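Below is a briefing for a reader who has not seen this structure before. It is grouped by topic and follows the sequence and the model.

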Amino acid sequence: MLVPESLYQRRTIPQLTWEENAMHYAAPETAQEASRLLAENTGSARVLAGGTDLLVQMKAGMVKPDLLVDIKKIAGMKDITSEDGGWRIGAAVSGSELGDHAGVCGDWPGVVEAFELIGSTQVQGRCTMAGNLCNASPAGDSVPAMVAANAVARIAGPDGTRDCPVQDIPVSPGKTSLGKGEFITSIFLPARGTSGGDAYLRFIPRTEMDIAVCSAGVSLTLDGSGTCTAARVSLGAVAPTVLLVEAAANALIGTNLDDAALEACGAACAAACNPITDKRGTIEFRTDVAAVLAKRAAKIAQQRAGGRS
Amino acid sequence: MSKIHVSTTINGDPTEFLCEADESLLDVLRDRLQLTGAKEGCASGDCGACSVEVDGRLVCSCLVLGAEAEGAEISTIEGVANGEDLHPIQRKILEHAALQCGVCTPGIIVAAKNLLAKNPDPTETEIRYWLAGNLCRCTGYDKIITAVMDAAAEMRGA
């Protein structure tokens, strides 16, 4: 069969000029400079930390930034520092770096286990909690755990720095509340205190490397008698953003997490769910399983807090 | 626009290169530095065939920009053997016939070496989870896991 000449002629690709095609890369050494570059950019600038979402999106053609601002050369971005009894985690700290930090692992095992569920070993070598947060997927694994932990993001911007609770960063799938020129410089995990524990569980149909169908994070504090004095319960992948479910936390507070309290917690979670049906799970499945995960995570958090299981 | 000048260290050797802003470290290694051991499988961070170490951390070089290599210490499959002497992991992969087409093999060796540096005595389950980001469509994985366990045992005894 004759092959049409057009198929074996070398295809000429139209030459784009640099102005049309160029992506610039900047690695500023201060947050102020990074913020200025982002603020002055009139195109589609993006912040680069671990790049495990951004570079994949770029390769897929989903985003075409004209400027990448790599924040890893800014002092402190790779640091984990003790502060007011809690931990300040730089925005470029990777999953494997956080997992190697005994202090954070000891205080916030739920946050660490949630973060370490993201991707493969190779992805863990690069991915960051701040990136997971700013990717603003409702299914981001570290986000419910950070919300349960009452984590606070520190944000640099043209007007200086400000602090914002983690749950107020995502506003809808793929969208954050960060303004022009703003980016997260660190995540603060508050002081754990004594007799506290946290846990994160997700459902996936395989054993590893998958996106949460639904998930739950719980952080709680017990008193000397094992009574829960404070709690935060969060759910992932059951609404456009991660949910903080106060009614579920209130069902635990004042109890020793007996069966009735756990049932009430689960019921509050199910009531808060507002999921979609997609190929990974139905509305009914996500609602049921999110409630089960919240109850189980509460029991693990209770054990970690030193209470009876 | 001019290319970006990058000074880095690859397998212990100070190295300089020029690259475009959107060029991956994998493309730099393969196309500019002729270090073609790291393979491009998926180019989206799923398959692990392009695994290298950057500052001691295992990463997919397809998900790192060449420009990000500035000041970094990079280790690739080309630095695993000592001249003609194969690394125990390489030798055990051959002994156990733990490869067929071989495209995944450099990434698996780099990943396994990174694991054994951190954990010299991993369980089978730990190896399987560690290598979960290294896809192999030929072997069915069992021989790879056996080879890594055998290499770990030899390295502990050595």
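A hairpin in chain B is made by strand 1 and strand 2, with 2 residues between them. In the turn, Asn11(B) has a positive phi of about 50 degrees. The model is a predicted one.

**Strand pairing in chain B**

- Strand 1 of chain B covers residues 4–10 and strand 2 of chain B covers residues 13–19.
- The two strands run antiparallel and are paired over 7 bridges.
- Ile4(B) has Cys19(B), in strand 2 of chain B, as its bridge partner.

**Contact between chain A and chain B**

- On the chain A side, 22 residues are in contact with 23 residues of chain B.
- Four elements of chain A each give two or more residues to this side: strand 1 (24–26), helix 4 (54–59), strand 3 (67–70) and helix 8 (121–124).
- The residues of chain A on this side comprise 9 nonpolar, 9 polar and 4 charged.

**Domains of chain A**

- Chain A is assigned domain 1 (80–189) and domain 2 (196–304).
- The centres of domain 1 and domain 2 of chain A, taken over C-alpha atoms, are 20 Å apart.
- Between these domains of chain A, 24 residues of domain 1 are in contact with 25 residues of domain 2.
- In domain 1 of chain A, the elements that give two or more residues to the side touching domain 2 are helix 7 (109–116), helix 10 (142–148) and strand 8 (170–172).
- That side of domain 1 of chain A has 16 nonpolar residues, together with 6 polar and 2 charged ones.

Terms used: Residues numbered from 1 in each chain as written. Chains lettered and ligands numbered in written order. Predicted model: local features only at pLDDT ≥ 70, side-chain atom pairs only at ≥ 80, totals over all residues. Contact = placed C-beta atoms within 7 Å. Nonpolar A, V, L, I, M, F, W, Y, C, P; charged D, E, K, R; others polar. Domains from an automatic or database assignment. Pairing = 2+ DSSP bridges.
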